[in-house]
Amino acid sequence: MHHFQYKGDELYAEEVAVKDIAAQVGTPVYIYSHATLERHYRAMDGAFAAVPHTICYSMKANSNLAVLKTFFGLGGGVDIVSGGELHRAMVAGVDPAKVVYSGVGKKDDEIEYALKSGILMFNVESEEELDRIDLIAGRLGTKAGIAIRVNPDVDPETHPYITTGLKKAKFGINIERSLEQYKRAAGMANLDVIGIDCHIGSQLTKVSPFVDTVRKLKRLIAGLRESGIHLKYFDLGGGLGITYSDEAPPLPAEYGEAITAETRDLGLHLLFEPGRNLVGNAGIMVGRCLYAKQGEEKNFVIVDAAMNDLARPSLYGSYHGVQAVCRDQQGTIVADIVGPICESGDFLAKDREMPAFRQGDLIAFMSAGAYGFAMSSNYNSRPRAAEVMVKGAAFEVVREREKVEDLIRGERIPSFL
Ligand code: LLP
């Protein structure tokens, strides 16, 4: 459920007409619904009410400060993957004791920054990283909380680009080698071995791969206990999918029930790193039709938003629903919605039946709150879109539209030219 619904023929974001936002802020624009963010957070949090847990929002999905602040206000922490993300989270007021740091390539300065900030733990993804964190923590005279990100070799049955828990993936430490690495870590002077972590993939539409993973990790946890290694945290990563079109992923409550049943007897504090599930359907992107063009074989709706604004269709062939902001079009057409970028891969919808959009019409691309703005770029020297948050009848710009001056900030023409 989300709060982007029609009132009559007008699409609204909560109590605000989307066309009013477009008129004031321009297009392309991302619009986030505060009520939807809150609802999704509470659904996930409530699903684990029976057990000690923390929701560490995976901020790579949408790292806007206003989104972060919304979740922190509800008691959430974050899953970060870079020093840049930590900076954002700190600025938005995160409790550092609710920060977990994942990622295969943590740099020295990032590790140092995280240690100095007092984060809860590092999800360690390689044997060498263990040594590195131990070394840096020692240098700083502190102890680093760590979990090993265990690669359980479970197929999440999702898109290959977002499958992360198979043996062939670059992520984590293979489950068979994990016990030995835990023992090694336990012997390191500057590490506090406090957790176990996994993340098997994204946009999962079944509970079973999560359950299979938990079962595998439970065997490892038992082995750790036998070796005298007692953990506090069990981080199950993120990955619960959402409905873009006709997918029917489990509700957070179902996911919560299954995971709670599997983990209750462990006596561990659970951590979750949901990204898409919290923000995906809490955001839309709105563009305007520049031209409607009948090609030789196809119809094209050319809009002012492009693959640099919303990369998912080009990158993964992803589906985003397309809706008229004002339903005043006559009839429907089958068309591609494309942007101004000079690549054939620049499309937002392909061979889709849609309202017969005309020049000037506003078009909403649904389910764009996750990995939308966060993956946008300046390709073709296009300033990045504005972002707006709506709460009830109020809305505010939470990131200004970039200006052309922003595009060349930091660039220099060298003295020898
Ligand atoms: N934890 C870790 C360690 C992750 O790598 C990810 C996502 C998450 C949590 C959150 O997963 P989620 O709950 O959002 O499924 N750009 C792709 C998705 C990439 C996901 C990367 N990792 C897309 O647009 O579909």
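Q: How many helices and strands does the chain have?
A: The model is predicted: local features need pLDDT of at least 70, side-chain atom pairs count only at pLDDT 80 or more, and totals for chains, interfaces and linings use all residues. Residues are numbered from 1 along each chain as its sequence is written, and side-chain values use heavy atoms, with hydrogens and water left out. Helices (H or I, at least four residues) and strands (E, at least two) are DSSP runs, numbered from the N terminus. On that basis the chain has 21 strands and twelve helices.

Q: What is the radius of gyration of the chain, and what does the globule rule give?
A: The radius is taken over C-alpha atoms, and the globule rule is 2.2 Å times the number of residues to the power 0.38. For 417 residues the rule gives 22 Å, and the chain is close to this, so it is as compact as a globular protein of that length; its radius of gyration is 23 Å.

Q: What percentage of the residues of the chain count as buried?
A: Buried means under 20% relative accessible area, exposed over 50%, and partly exposed in between (1.4 Å probe, protein chains only). Of the 417 residues, the buried share is 55%.

Q: Which side of helix 9 is exposed, and which residues show it?
A: Helix 9 (residues 252-263) reaches 16 Å from its first C-alpha to its last, close to the 16 Å expected at 1.5 Å a residue, where the expected span is 1.5 Å times one less than the number of residues. Its buried residues are Pro252, Tyr255, Gly256, Ile259, Thr260, Glu262 and Thr263. They cover an arc of only 160° around the axis, which puts them on the same side of helix 9; the arc is that of the directions from the helix axis to the C-beta atoms. The exposed residues lie on the other side, and they are Glu257 and Ala261.

Q: How many disulfides does the count come to?
A: A disulfide is a pair of cysteine sulfur atoms within 2.5 Å. By this rule the count comes to zero disulfides. For Cys326, the nearest cysteine sulfur, that of Cys289, is 13 Å away. For Cys342, the nearest is again that of Cys289, at 18 Å.

Q: Which residue in strand 17 is the bridge partner of Val301?
A: Two strands pair if DSSP finds at least two bridges between them. Strand 14 (residues 283-294) and strand 15 (residues 299-303) pair in the antiparallel sense over five bridges, and a hairpin of four residues joins them. Strand 15 also runs parallel to strand 17 (residues 332-338), with three bridges. In strand 17, the partner of Val301 is Ile337.

Q: What is phi of Gln203?
A: Most residues other than glycine have a negative phi, and most peptide bonds are trans. Gln203 lies in the loop between strand 11 (191-197) and helix 8 and is buried, with a relative accessible area of 11%. Its phi is positive, near 55°.

Q: Which peptide bond is cis, and what is its omega?
A: Pro28 lies in the loop between helix 1 (18-25) and strand 4 (29-33). The cis bond runs from Thr27 to Pro28, with omega near -5°.
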